[in-house]
Amino acid sequence: MILLGELSLWVSLLMAIWMMTVSYAGGATRRGELVLSGQRATYATLFFVVMASIGLWTALFTHDFSLKFVASYTSANLPKVYLFSAFWAGQSGSMLFWALILAGFSAVAVFSNRAKNRELMPWVTGTLGVILIFFIGTIIFAANPYDRLEWVPPDGRGMNPQLQNPGMAIHPPMLYLGWVGTSIPFAFAIGALVTRRLDTDWLAAIRRWSLISWFFLTIGLVLGMWWAYVELGWGGYWAWDPVENAPLTSWLCQTAFLHSIMIQEKRGMLRKWNVTLVIAAFLLSILGTFLTRSGVIESVHSFAQSPIGNYFSTFLILIFVVTTVLVMTRLKDMEAKAQLESMISREAAFLYNNLVLVGIAFSVLWGTLFPIISEAVRGTKITVGPPFFNSVNVPLGLGLLALTGIGPLIAWRRASVANVRRQFVFPVLAGLTTGTVLMVLGMRAFYPIIAYILVGFVVGTISQEFYKGTAARMRMYAENVVVASLRLIGNNRRRYGGYIVHLGVAMIFAAFAGFAFKKEFDVSLKTGEVFKATDPFGHAWTFTSQGVSEYKRLNRYVTAVGLAVTRDGKPMPVLSSEKRQHVDSNDQPTFEPSTEVGLYETTMQDVYMVFSGMIGPDQAEMRLSFNPLVWWVWYGGMVMAIGGLIVMWPQAEKKRQGGYVTMLTPGSEIPTTVGAGA
Amino acid sequence: MQTGVINRRRFLRAGGVCVAGAMLVPRLAAQEANAVQQGAANIEMPQTAYKAVSLPKKANAKPLVAQLERDELERGLKCACPCKLDVFTCRTTDFACGISPAMHSDVVRLVDGGYSADEIIAAFTTVYGERVLMAPVKEGFNIAGYAVPFVTLGIGATMLVALLRRWRRETESAVPALASKSVLPISGGMPAATDDEMRRLQAAVRGEPDR
């Protein structure tokens, strides 16, 4: 099976080359049999990439340590779940995983469009073939998981302890699904540019793909934050590391696109801009991969000085040049009659929102690249860490939050003064009330206060929109509040799903602002000693050391320290943090010791404990911190994901058509018809 | 056989030649076969990255920096290990780092030696260079680093406003022409509806779902 997998990898490259060649030839010559052959090659490529992946999984599960990849990232005593996720624990496996998702997405895109977009599809398939050739070729020639060692070690090195976490089994697949998902809209954009069919048809084809990509990127980013928080032990969830910044910039471009696509759909405007955003999202995914895997930028996640950086940079330049030439030569085809009646309109608000989203994406990219730029210009190496990113992005983020609340309140085409006044009164009052209450409670920090005022404003906006829509349905159709709310969302999934996403964004901003009040302490305790501290909400806490224990469990030796905790005199759950030394099946240490944090989580704050080491035989050194509102990041992420699902959930086409027919029947009543179609 | 037309057999033959050629090309992977490949956060600790930062103790030295300020100061200094964390976070986390505790000891010695926070930062910058700071100092070329995002956004905003104004002017001048073509009677200066908008309006009136 392993040999078959290795062979399949080579055959998949041939299939991808065939897929690209015949699809482009079919598109250029308009020969149906070539186009069909290209489609079949897509399915064949998927088949062989799946075989190659099964081969690698087989090698992982059978502990074939003759493969360098298996020996580098697993050991005989690694739990089975991590043998499965070891597939993406190293560079070459993660590249194959990327190719697997891309081949799967390509097959689904080709299959679901086999009878649609006939003019575009050969170019779409060919472009997906190009991307597949790049990835499979890079795997084969530069990062091959089937590379063999000259000897067979008795055991492997084992998996990095920090990757032995359930989050790591889910987070990378989610992120890859999102990142690879940008390839499909990109391929459609190339197809539209080549064929000069730049109307709204290609947008309709990619809208759901963009949403799927955005949805998975959102989940991937939030899961990554969660993993960093519970596993890395530094006490935060976002460090502005290049590997975090890369998907964030792609996510920001996609978010901008999902807003601006509405203007093209409704008004036919922004054709050039939308094509640019789709291309930018894809290029940023490739650039991000290049930055984090080439070693050109220091990152915790860097895969050292890997040769694949050369491949990625070449591919990036090639794609950039080709897409630039295509866009420049199609500018006239993308001319559209722009209609704008007022600077205060929903259309204009979407454009302001796009400006800020792309501005943040640029500033994140700029900060990530600035060390390289500085070194090139001045010859001096510098560090661009969280203080830089926060100083630049906090004001921009607050601007974005404000627009999240403003956009839905402004009418399409033109907002009258009366309309603005009527719409803004409640949300503005909600925001000001929030700010006033917090100031009365003693909050004085400038940015958090502004953030909470804006969060109040956004939540006010969303509540008002739901209230108005639900109340209207209750009046018109005599529905109760639950039915009216559900039908309101069900019949207007894009709009109200979008509002739910906005609510998730507001929750996450509230959590970010709360984190500014984090308090942390560097503590040394002997058994029985007590440390006292006050949290940001004014509660008095005591932490009493219960001593240090040592034991062996599974594939690791554990040293743990426990703390008995009280809050305002009341006992709370015991906090425990571990230092783990992982060993292989011969009881030999595999990695440097790692730490498992101790956590007591509530919706208001987390008590976070990190056991950093022993000072003496009985004295443990640890960091204790109160992290306010962290759970709201995870809740917010969940709400965003639910909103995203609602937006991309397909409408029941047949039922709707049935309702339409009923409505045209003489004598039928509109409410009955709407109910039937809902 | 017709020349200039690619049939399946010729295509396969040409493809076979290309594949054979590709197989003969020395495998690019060999060029850097020994390149280090390491997984996420599998950080090698170059213990030599540590450089001692010491200054003579000031006469009648008294600590000018309290413990909380010292912790804050350490949050502004990057650990010399490849973890990308600041000294305080690195030494109180677990990356098996021997460098951040050593840098912490230097900070403590300088504090005990009577040096202020600015003097300590300057001492570390002299020894390690500017990269020891978690964020670049706002001077010289670094100002560009801080300013470029805002300047770019400002330029973008100016261009956007100019574009929106142009569109609005064009729309206003086009309204009379649209009015004459409109299928709806237009009154009170209301702009004409496009066909698409009319279609959506009628759909909304009928209670069809928003697509």
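Is Cys90(B) buried or exposed? Cys90(B) is buried, at 2% relative accessibility, where buried means under 20% relative accessible area, exposed over 50%, and partly exposed in between, with a 1.4 Å probe and protein chains only.

Hello everyone, some ground rules before we go on. This is a predicted model, where local features need pLDDT of at least 70, side-chain atom pairs count only at pLDDT 80 or more, and totals for chains, interfaces and linings use all residues. Residues are numbered from 1 along each chain as its sequence is written, chains are lettered from A and ligands numbered from 1 in the order in which they are written, and side-chain values use heavy atoms, with hydrogens and water left out.

Let's stay with cysteines. A disulfide is a covalent bond between the sulfur atoms of two cysteines. Here the term is used for a pair of cysteine sulfur atoms within 2.5 Å, and over all chains the structure holds 0 of them. Take Cys79(B): its nearest cysteine sulfur belongs to Cys81(B), 3.5 Å away, and Cys79(B) is in no disulfide. Cys79(B) is also buried, at 1% relative accessibility.

Now, two loops, please. In chain A, Arg196(A) sits between helix H8 (183-195) and helix H9 (201-232); helices here are DSSP runs (H or I, at least four residues), numbered from the N terminus. Arg196(A) is not a glycine, yet its phi is positive, near 60°, and the residue is partly exposed at 41%.

Over in chain B, Asn60(B) lies in the loop between helix H2 (28-31) and helix H3 (67-75). Asn60(B) has a positive phi too, about 50°, and at 77% relative accessibility it is exposed.
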